[in-house]
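Here is a quick tour for anyone meeting this structure for the first time. Have a look at it, then read on.

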Amino acid sequence: VNKIESLEADIALNESSYLIDNQIINIFPKGVLLIHYIENNFNLDFPIGFWNIYYRKPTTPFYISHLIGNNRSKILFKGYISTSFINVYNYEKLLRKAYAFLNKTLETFQSQLVNQLIKYDSTNDYRLLSFPNFLQQLCYLLLTFKRIFKKNYIWGVSYQFVNEWKNFDFRKSILIKNPKGRWLADPFVWSYEGSHYCFVEDFSYKNQKACISVFKINNSGYQEIGIALEESFHLSYPFLFSSNDTLYMCPETSHAKDIRIYKCIDFPLVWKLHKVLLTDIIASDTSIFYQNNLWWLLTNKCTEEKGDNNSELHIYSTNDLLYGEWEVHPMNPVIVDPLIARNAGLIIESDSIFRSYQVQGFNQYGYGVGVSKIINIDKEEYIEHKRLEILSNSLKKIRGIHTFNYKDGLLVFDIEISDFI
């Protein structure tokens, strides 16, 4: 204790598995920072993340807390990852995410003129939380093997003509039959000369990547029109928007490590690369819209740049779509939660904008979708309120949903189904 006092440090970082004693915490005027994995419990959930897997929790949380002594504490940051069914991978992913946001928290403290930061490790103060017994470990291993040899599923696209996207009946939807050797996902709709056109991710088993294809949909059925966009790399999420009577597409181009827009030259099949908006970024499912005299770009990327694009929502803005600099939102990431973070589409009704989002399940991408109304978006804050949520466990023969869009009376969404259907 005397040695620690002699350092005259303002704040300590506890990287151990246990809470340090109040006597130690009280030495530091600005307290102690630590990462923990159970709310209001600062001891180790040992092994970290295991019980979230065992009880099939869709997310695994982490917390960064500020301990001030005398049993006073405050959660500075709370985030989640989507739970993976292999414990080692779940643990590694959780720590990567937690330490990435610890760094952001430390930057905040440094901006408040902290003079010195030291680490203090203690390993003998508090007992571990419960360790799984033999039967629990055996159950975990059996379930792990079962998930490795799980049934194969593929994506498909369904549609339905409705007056209100909030009120529809899944049973009345029409499934577009997947072409031979391909499957379809990520549907977006555009109306043109009295007809609806559905742009989709079109994955080829032969090429092991997707292009963007178009289907014409009307009351009598659907018709495949052809390929709208194809690159040497994988494309998906063909987000459509207009500016100054010009139609643009912003597909996911994470394999190219950029966010770009294509301009429509001859609807619906001729498009040309028009502008690369952001470079050196591995981002997924970007949506773009105009609100409050600014262009807003909502995208999913990973703070620690390890490819986990399901947990974080990031925002950028500019006053000029084609020539302006895109500014990073000061609250980025505005969401850190795989239950609501990843984009699943965008619905615009008059002056209201609704963000569709994915709900990740336990070890499952695209367990469901939801829709939130954007209440406020500006350079200081982002607020949205949930309006609708659809989980696949409420739908017969459907394992997942991860895109939900509506325009001019046509509702489109994708579903994960058995490859034998």
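**Some ground rules**

A residue is called buried when its relative accessible area is under 20%, exposed when it is over 50%, and partly exposed in between, using a 1.4 Å probe and protein chains only. This is a predicted model, where local features need pLDDT of at least 70, side-chain atom pairs count only at pLDDT 80 or more, and totals for chains, interfaces and linings use all residues. Residues are numbered from 1 along each chain as its sequence is written, and side-chain values use heavy atoms, with hydrogens and water left out.

**The overall picture**

You're looking at a protein with five helices and 26 strands. (Those are DSSP runs numbered from the N terminus: H or I of at least four residues for helices, E of at least two for strands.) Along its principal axes, the C-alpha trace spans about 80 × 55 × 40 Å.

How does the radius of gyration fit with a compact globule? A globule of 421 residues would come out near 22 Å, and the protein has 24 Å, which agrees. That radius is taken over C-alpha atoms, and the globule rule is 2.2 Å times the number of residues to the power 0.38. As for the inside, 56% of the 421 residues count as buried.

**Two nonpolar cores**

A nonpolar core here is a set of buried Ala, Val, Leu, Ile, Met, Phe, Trp, Tyr and Cys residues joined through side-chain atoms within 4.5 Å. The largest one has 49 residues, and Phe199, Phe241, Trp271, Ile288 and Leu298 have the most contacts inside it. Strand β17 (residues 294–300) gives this core its largest share, five residues. Apart from it lies another core, of 25 residues, including Ile347 and Phe354.

Contact means heavy atoms within 4.5 Å. Not counting residues up to four places away in sequence, Phe241 touches Trp190, Thr246, Leu247, Tyr248, Cys250, Ile261, Ile288, Trp295 and Leu321.

**Two residues up close**

You'll find isoleucine 68 in strand β3 (residues 59–69). Leaving out residues up to four places away in sequence, isoleucine 68 touches Ile25, Asn26 and Gly31.

Lysine 272 sits in strand β15 (residues 270–279) and is exposed, with a relative accessible area of 55%. Beyond its neighbours within four places in sequence, lysine 272 is in contact with Tyr262, Lys263 and Ile265.
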